[in-house]
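Morning, everyone. I have one structure to walk through today. Please look at it first, and then I'll start with the overall fold.

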Amino acid sequence: MDAILDFLKTTGFAMIADNWKVIIMLAISCLLMYLAIVRKMEPLLLLPIAFGMLLTNIPGSEMFHEVLFVDGHIHWDLFGGAAITQEFIDSIENTVVASTLTAGETISVGLLDVLYLGVKLGIYPCLIFIGVGAQTDFGPLIANPKTLLLGAAAQVGIFIAYIGATLMGFTSQEAGAIAIIGGADGPTAIYTTQMLASNLLGPIAIAAYSYMALVPVIQPPIMRALTTKQERRIVMKELRPVSKTERILFPIVVTIFVALLVPSAAPLIGCLMLGNLLRECGVTERLSKTVQNELMNICVVFLGVSVGATATANTFLNLKTLGILVLGIVAFSLGTACGILLAKFMNLFSKNKINPLIGAAGVSAVPMAARVAQKEGQKEDPSNFLLMHAMGPNVSGVIGSAIAAGVLISLLG
């Protein structure tokens, strides 16, 4: 009988009594899985994130240990089996984690601890960017270079949200990580957050991918509010053909220019453009297919599960998470608005008018934002096809968000 009682005490069911907050986290993870599977909201990453959240919040699973990465550092000595000292506990700034530790104990490294190293070291986001580059056609941007400005304008929302976050009491590093949600680029948001405020990684990743999935809901009201029917009916002339030479030179030139301008953006931009060069050069078809499929899919699974693991009850259930959700949608909405407003401003001086709807595609939710612009344009004129025109600012938004991330990391990191 004693053996049975001892066994029952070691179960996760018994441990729930020590931290009832895990019940809320398990419910949230199940809700996110429902949204990913049933509502199909960014399922490729939201589902692994939700399942990682489920695993890390099961009492007694010991798959992820915050202490190994506390205060933004990788504590390699604890990975090697070193005992936790009282001096180490006293030095931890995160009092929540410090309160759970006992001097003399050692950490049994879990699976998610190992997988999370790929996030902490910036490996997964960069590898995913290689796949994104291989899947991206920069032809519309090359054919109409001025749409690069629309992608840049959409990043203004990031810096406005940064100011708002600092006013709300977040540190400058936390504010930079939160603001990057406005770029609507999941891997960039994760990469930037890991560099600036890794303690907010779980909430920011969930907010970023949730808002990306809600592009068809968030953007249309803003687009209709800032444009007239006449503007939404503007028909843009057909894009010129782009030569193979232009397509090959583009990733090389962009890498050199951006890396020299913002060196801290080089990892993201370099990986993005490497993937695009593999696609366009015509001699590496096998590599292009590999990075688009096998490599990207593996990294997405590892990234999602390990990011979800950081959303523990102690770090997720607080007022900061609510503030992140509010500021995230503000940043995203401002980015959408800035792209539209710049297109309207450019029309004051342009002979060939731009349909302002494509400015909303400057947020880098590829290709969803471009499709929303197309759909809204066809509501006013079914014969108006804006998709390829919208892809110009859409793919430039990917570049713009990487540059914005680089600027934030350079200034705040």
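Start with the radius of gyration. A compact globule of 413 residues would come out near 22 Å, and the protein chain has 23 Å, so the two agree. Keep in mind that this is a predicted model. Along its principal axes, the C-alpha trace spans about 85 × 45 × 40 Å.

Now the secondary structure. The protein chain has 24 helices and 0 strands. Of its 413 residues, 54% are buried. Next, the contacts. Take those between residues at least 6 apart in sequence: 76% of them join residues at least 24 apart. As for the surface, the protein chain exposes about 18400 Å². Carbon and sulfur atoms supply 67% of that area.

Let me zoom in on one helix, H4. H4 runs over residues 43–56, which is 14 residues. From first C-alpha to last, H4 reaches 19 Å, close to the 20 Å expected at 1.5 Å a residue. Is H4 mostly covered or mostly open? Mostly covered: 10 of the 14 residues in H4 are buried. Among them are Leu45, Leu46, Ile49, Leu54 and Leu55. What covers them? The cover on the buried residues of H4 includes helix H3 (21–37) and helix H8 (111–120). It also includes helix H15 (201–213) and helix H20 (285–309).

On to the backbone. Asp71 sits in the loop between H4 and helix H5 (76–79). With 32% relative accessibility, Asp71 is partly exposed. Ala184 is in the loop between helix H13 (172–179) and helix H14 (186–196). Ala184 is buried, at a relative accessible area of 1%.

There is also a cis peptide bond to flag. It goes from Val366 to Pro367, with omega near -10°. Pro367 is in the loop between helix H22 (319–347) and helix H23 (368–380).

Now the cysteines. How many disulfides does the count give? The count comes to 0. The cut-off here is 2.5 Å between sulfur atoms. Cys271 is buried, at 16% relative accessibility. Then Cys281. Its closest cysteine sulfur is the one in Cys271, at 16 Å, so that is too far for a bond as well. Cys281 also counts as buried, with 17% relative accessibility.

One last spot: Thr228. Thr228 lies in the loop between helix H16 (215–226) and helix H17 (229–232). Its relative accessible area is 42%, so Thr228 is partly exposed. Thr228 and Pro356 are 128 residues apart along the chain. Their C-alpha atoms are separated by 9.5 Å.

To recap. The chain has 24 helices and 0 strands. H4 is mostly covered. The peptide bond from Val366 to Pro367 is cis. The disulfide count is 0. That's my tour. Over to you.

Terms used
Residues are numbered from 1 along each chain as its sequence is written. This is a predicted model: local features need pLDDT of at least 70, side-chain atom pairs count only at pLDDT 80 or more; totals for chains, interfaces and linings use all residues. Side-chain values use heavy atoms; hydrogens and water are left out. Helices (H or I, at least four residues) and strands (E, at least two) are DSSP runs, numbered from the N terminus. The expected span of a helix is 1.5 Å times one less than its number of residues. Buried means under 20% relative accessible area, exposed over 50%, partly exposed in between (1.4 Å probe, protein chains only). Contact means heavy atoms within 4.5 Å. The radius of gyration is taken over C-alpha atoms; the globule rule is 2.2 Å times the number of residues to the power 0.38. Accessible areas come from the Shrake-Rupley method with a 1.4 Å probe; for residues, only the protein chains shown count as cover.
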